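Dear colleague,

I am passing on the structure we spoke of, and below it you will find my notes on what turned up when I went through it. Please read them with the model open beside you.

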Amino acid sequence: MHIEHVAVWTNDLEKMKLFYQKYFEVESTELYLNPKTQFQSYFLNFKSGSRLELTTKKFLSGRAADSLGYSHIAISVGEKADVDRFTTHFVKDGYPLLSGPRTTGDGYYEAVIQDPEGNLIELTTD
């Protein structure tokens, strides 16, 4: 078994799609639109086979920080040098670096950044 995809609610679907395409070289599906509910989504396909679904609809509620539910997405970018390189690139482009790069207590080498809407992304090694 494996996780087929993870979905993230977003306010600006196009901006988020461009962010993930630029930094993680994902391929996007065509926009899906349900005319009845106004639900819209893109599936972003990583080269490894995993997928991220970006979704939006009218009347989304606000985000509650540190609440129950999903915490972050971890994206493996390669070796330690790759984590460092990605981290430098994100910081240079103005994205917040929340921690790292560092080796965590459970052995991961990671850095934590935020995407344009504040979702946490752990950049990790393979």
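**Salt bridges and the domain contact**

K92 has a relative accessibility of 64% and therefore counts as exposed. Please keep in mind that this is a predicted model. The side chain of K92 meets that of D93 in a salt bridge, with 3.4 Å from N to O, and D93 also forms a salt bridge with K22, where the closest N and O atoms are 3.5 Å apart. Because D93 sits in the loop between α2 (80-92) and β7 (97-103) while K22 belongs to helix α1, this second pair ties together parts that are 71 residues apart in sequence.

The domain assignment of the protein gives domain 1 (1-58) and domain 2 (71-125), and the centres of the two, taken over C-alpha atoms, are separated by 20 Å. To their contact domain 1 brings 14 residues and domain 2 brings 16 residues. About 1,100 Å² is buried between domain 1 and domain 2, and carbon and sulfur atoms give 72% of that area. On the side of domain 1, the residues that lose the most area to domain 2 are F19, Y23 and F24, which together account for 51% of what that side buries.

As for polar features, the rule finds 1 salt bridge across the interface of domain 1 and domain 2, and the count of residue pairs in polar contact between these domains is 6, with both residues at pLDDT 80 or more. Both β1 (5-9) and α1 (13-24) supply at least two residues of the side of domain 1 that touches domain 2, and the largest share of that side, 7 residues, comes from α1. By residue class, the side of domain 1 that touches domain 2 divides into 9 nonpolar, 2 polar and 3 charged residues.

Over the whole structure, the search finds 6 salt bridges. One of them joins R51 and E4, whose closest N and O atoms are 3.2 Å apart; since R51 lies in strand β5 (residues 51-56) and E4 in the segment before β1, the pair ties together parts 47 residues apart in sequence. R51 is partly exposed at 25% relative accessibility, and E4 is likewise partly exposed, with a relative accessible area of 39%.

With best regards

Notes
Residues are numbered from 1 along each chain as its sequence is written. This is a predicted model: local features need pLDDT of at least 70, side-chain atom pairs count only at pLDDT 80 or more; totals for chains, interfaces and linings use all residues. Side-chain values use heavy atoms; hydrogens and water are left out. Domain bounds come from an automatic or database domain assignment. Contact means heavy atoms within 4.5 Å. Buried area is the accessible area (1.4 Å probe) that two parts lose on being put together, summed over both. A salt bridge is a side-chain nitrogen of Lys or Arg within 4 Å of a carboxyl oxygen of Asp or Glu. A polar contact is a pair of N or O atoms within 3.5 Å; within protein, one must be able to donate a hydrogen and the other to accept it, and residues adjacent in sequence count only if both atoms are side-chain atoms. Helices (H or I, at least four residues) and strands (E, at least two) are DSSP runs, numbered from the N terminus. Ala, Val, Leu, Ile, Met, Phe, Trp, Tyr, Cys and Pro count as nonpolar, Asp, Glu, Lys and Arg as charged, and the others, Gly among them, as polar. Buried means under 20% relative accessible area, exposed over 50%, partly exposed in between (1.4 Å probe, protein chains only).
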